[in-house]
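This briefing covers a ligand site and a group of paired strands. Please consult the sequence and the structure shown here alongside the points that follow.

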Amino acid sequence: MDDEEILRRLREARGTDPSYVGGRIVSSVSTEPLPVSLEAYRIYSDVNALDTYLFPSVKILEAEVIAWLGSLLRNPEAAGYVTTGGTESNIEALYAAKKLFPERKKIVAPKSAHYSIYKAADLMGLRVEWTDLDRNYRADAASIRKAIDKDTLAVVATAGTSALGMVDPLEEINESCDEVFFHVDAAFGGFVLPFTGTKRIDYGLRNLDSVTIDPHKMGMTPIPSGSVLFRDSTYLEALSYTPAYIPVESSTLCGSRSGGSIAAVWVAIKSLGFDGYKRIVDKCMENTHFLCDELAGIEGASLVTEPDINIVGISLKAPEKTCTRLRDLGWGVALNRDIGCIRFVVMPHVSKEVISRFTVDLAETIKKK
Ligand SMILES: Cc1ncc(COP(=O)(O)O)c(C=O)c1O
């Protein structure tokens with residue numbers, strides 16, 4: 001088969017799935033990457049970011065990315081790296097916690113934490129004590145305080161939970177973390193909250209040790225591109241390993257790493273800057289409020305809770321049936337089985353027009369019973 005034909009088949013395969021441009025993907029934390037960021041990925045796609053002795057330029061790009069993300073969190077000392085995404089970042093952060101407290105075996109995390117926390121614990125022979133949520137689905141700080149004991153190595157909180165986008169009470173939780181490692185998973189909210197300024201997430205929280213922030217969610221970069229940021233370089237130094245066969249020091253969970261991911265993030269932040277991201281986030285928040293207003297007029301649909309960011313839980317009487325029907329109409333929606341709601345993520349490709357079409361279909365679907 002010649003390349004032309006192979007690519008034709010590939011495009012055909014891709015064409016069978018929905019695209020972001022059509023606007024019907026409304027339950028995903030991904031969006032169409034910035035074209036210039038995609039091009040950056042291509043330019044650096046043959047660069048292995050492990051081999052910094054061969055490709056020193058990628059090290060410089062990554063340092064600039066980490067410095068910029070550090071500035072978002074008001075920490076010029078922040079040290080970290082570009083990961084494959086939130087899962088790797090969370091595992092790396094908890095790996096650093098384990099290095100700090102090798103004797104301790106317990107992680108304390110609210111029930112709303114991402115499932116990668118369970119994976120990290122399971123991989124490292126640790127256990128998770130899952131703590132309660134308040135009635136708005138945020139972590140209950142008192143439950144966390146109670147769960148912390150001498151065996152606790154880390155506490156995890158989330159800034160933008162996967163299910164509902166809720167921001168845990170970070171300042172209150174921080175107060176309980178004097179003796180333990182404190183990790184904040186801001187995989188989604190990390191590219192939202194610094195631009196809305198509505199909820200604080202920064203290293204002014206004195207016990208904060210590490211933060212997960214994913215550019216490949218609200219940062220407009222291609223997958224894979226996540227990041228983990230530690231308070232300073234000592235955490236990574238503790239994880240450092242020097243293989244005998246190459247002249248590099250590696251503190252990253254993965255060995256070979258895509259230079260493409262690093263270049264893609266570098267270009268996105270140069271292209272958009274703080275103001276560009278703020279414009280995108282402001283629009284998403286404006287559209288989130290528009291969605292909430294539209295939902296208020298639909299009988300049989302309601303908000304699970306007032307959203308903290310651009311993720312909305314839509315509570316329904318017959319969630320499974322409604323979700324299936326919406327999917328039949330071509331909507332890319334996902335059902336949350338625990339809460340019995342649809343998760344609607346107001347990503348940059350979800351315009352007011354898309355929201356209007358969705359709410360019309362939702363209202364008609366509910367009426368049909
Ligand atoms: C809060 C949070 N943390 C971590 C992750 C995992 O990210 P990834 O899928 O990039 O590994 C997600 C994914 O949606 C998330 O919402």
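**Ligand shell and strand pairing**

Helix H4 supplies the largest share of the shell around the ligand, with 3 residues. The structure is a predicted model. In total, 14 residues surround the ligand, and strand E4 is largely enclosed by the rest of the structure.

**Composition of the shell**

- The closest of the surrounding residues are Thr-87, Ser-162, Asp-185, His-216 and Lys-217.
- Classified by type, the shell comprises 9 polar, 3 charged and 2 nonpolar residues.

- The side chain of Asp-185 places an N or O atom 2.6 Å from a nitrogen atom of the ligand.
- An oxygen atom of the ligand lies 3.4 Å from a polar side-chain atom of Asp-214.
- For His-216, an N or O atom of the side chain is 2.9 Å from an oxygen atom of the ligand.
- On its own the ligand has 390 Å² of accessible area, of which the protein covers 83%.
- Two or more residues of the shell come from each of helix H4 (86-100) and helix H9 (215-218).

**Strand E4 and its partners**

- Strand E4 (residues 152-158) is largely enclosed by the rest of the structure because 7 of its 7 residues are buried.
- Strand E2 (residues 106-110) runs parallel to E4 and is joined to it by 3 bridges; Val-108 stands opposite Val-155 in E4.
- Strand E5 (residues 181-185) also runs parallel to E4, with 5 bridges between the two.
- In this pairing, Thr-158 stands opposite Asp-185 in E5, and Asp-185 is also among the residues closest to the ligand.

How values were computed
Residues are numbered from 1 along each chain as its sequence is written. This is a predicted model: local features need pLDDT of at least 70, side-chain atom pairs count only at pLDDT 80 or more; totals for chains, interfaces and linings use all residues. Side-chain values use heavy atoms; hydrogens and water are left out. A residue is near a molecule or strand if one of its heavy atoms lies within 4 Å of it. A polar contact is a pair of N or O atoms within 3.5 Å; within protein, one must be able to donate a hydrogen and the other to accept it, and residues adjacent in sequence count only if both atoms are side-chain atoms. Accessible areas come from the Shrake-Rupley method with a 1.4 Å probe; for residues, only the protein chains shown count as cover. Helices (H or I, at least four residues) and strands (E, at least two) are DSSP runs, numbered from the N terminus. Ala, Val, Leu, Ile, Met, Phe, Trp, Tyr, Cys and Pro count as nonpolar, Asp, Glu, Lys and Arg as charged, and the others, Gly among them, as polar. Buried means under 20% relative accessible area, exposed over 50%, partly exposed in between (1.4 Å probe, protein chains only). Two strands pair if DSSP finds at least two bridges between them.
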